[in-house]
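Please read the numbered points alongside the sequence and the model.

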Amino acid sequence: MIHEILAVGPLQCNCSIIGDETTREAMVIDPGDDIDDILALLRKHNLQVKQIVITHAHIDHVGGAQKLRAATGAPIVLNQNDYDLLKMLDMQAAWVGMSSPGKVEIDHSVADAETLQTGSLTANVLHTPGHTEGSICLYFPTEQKLIAGDTLFAGSIGRTDLPGGSFQKIINSLHERVLALPDETVVVPGHGPLTTIGNERENNPFLTKH
Ligand SMILES: [Zn+2]
């Protein structure tokens, strides 16, 4: 599996480019900004984008999706519980002092227990509400890798004080879904350094208390 992680935009969202080495098909997860850099990496690896996956509808994760869709023709997928949040992109832009990316068109909703296929690569969709109502994580069972969005960070968890956030829900999502994964699972959070499920199970103050 080809996996490039680049921190995009002023809030340094971790965007993942995941590609099949044989078929050269790819998915791009959370292209929040810096689409020219993402396109350059896709060209470098000779990859063709088949889908654009958004872990949740915060501007730093979804802001560049429409531009990437226009450049590649790939559909954008997002859980429908975040569609309301997507309608608030102008407001979100004002909160973080960014210019609004305009309208982002979602091609289809992605739900819990669905699988997303890119070439021979398979990702299981985990619906993990809490940071937002429609937050998802993507788990690649063969590679034991989790793209966690803003649900889990190294040593921390996503904030729950924004519209649609719920502390009880994120704690439930983490215990019931995320910590159900094997300790060896490598976690790529929405921001900051990589970690593992085992490390977070052991050391994350939000998870060891409960
Ligand atoms: Zn977020």
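1. Asp 30 is found in the loop between strand S3 (25–29) and helix H1 (35–44). Please bear in mind throughout that the model is predicted. The phi of Asp 30 is positive, at about 60°, although this residue is not a glycine. Asp 30 is buried, its relative accessible area being 2%.

2. Asn 46 has its place in the loop between H1 and S4. Although not a glycine, Asn 46 also carries a positive phi, of about 55°. With a relative accessible area of 55%, Asn 46 is exposed.

3. The zinc ion has as its protein donors His 56 through NE2, His 58 through ND1, His 131 through NE2 and Asp 150 through OD. These donors lie 2.2 to 2.4 Å from the zinc ion. Along the chain, the donors follow the spacing H-x1-H-x72-H-x18-D.

4. His 58 lies in the loop between strand S4 (48–53) and helix H2 (59–62), and His 131 in the loop between strand S8 (121–127) and strand S9 (136–140), so this pair ties together parts 73 residues apart in sequence. His 58 and His 131 are both buried.

5. Why is the arrangement of the four donor atoms around the zinc ion irregular? The angles they subtend run from 86 to 170°. A tetrahedral assignment would require all angles to lie between 85 and 135 degrees, and the arrangement is therefore classed as irregular.

Technical notes:
Residues are numbered from 1 along each chain as its sequence is written. This is a predicted model: local features need pLDDT of at least 70, side-chain atom pairs count only at pLDDT 80 or more; totals for chains, interfaces and linings use all residues. Side-chain values use heavy atoms; hydrogens and water are left out. Donors are N, O and S atoms within 2.8 Å of the metal (3.2 Å for Na, K and Ca); water is not among the atoms, so sites may look incomplete. Four donors count as tetrahedral if all angles lie between 85 and 135 degrees; four count as square planar and six as octahedral if opposite donors are over 155 degrees apart and all others between 65 and 115; anything else is irregular. Helices (H or I, at least four residues) and strands (E, at least two) are DSSP runs, numbered from the N terminus. Buried means under 20% relative accessible area, exposed over 50%, partly exposed in between (1.4 Å probe, protein chains only).
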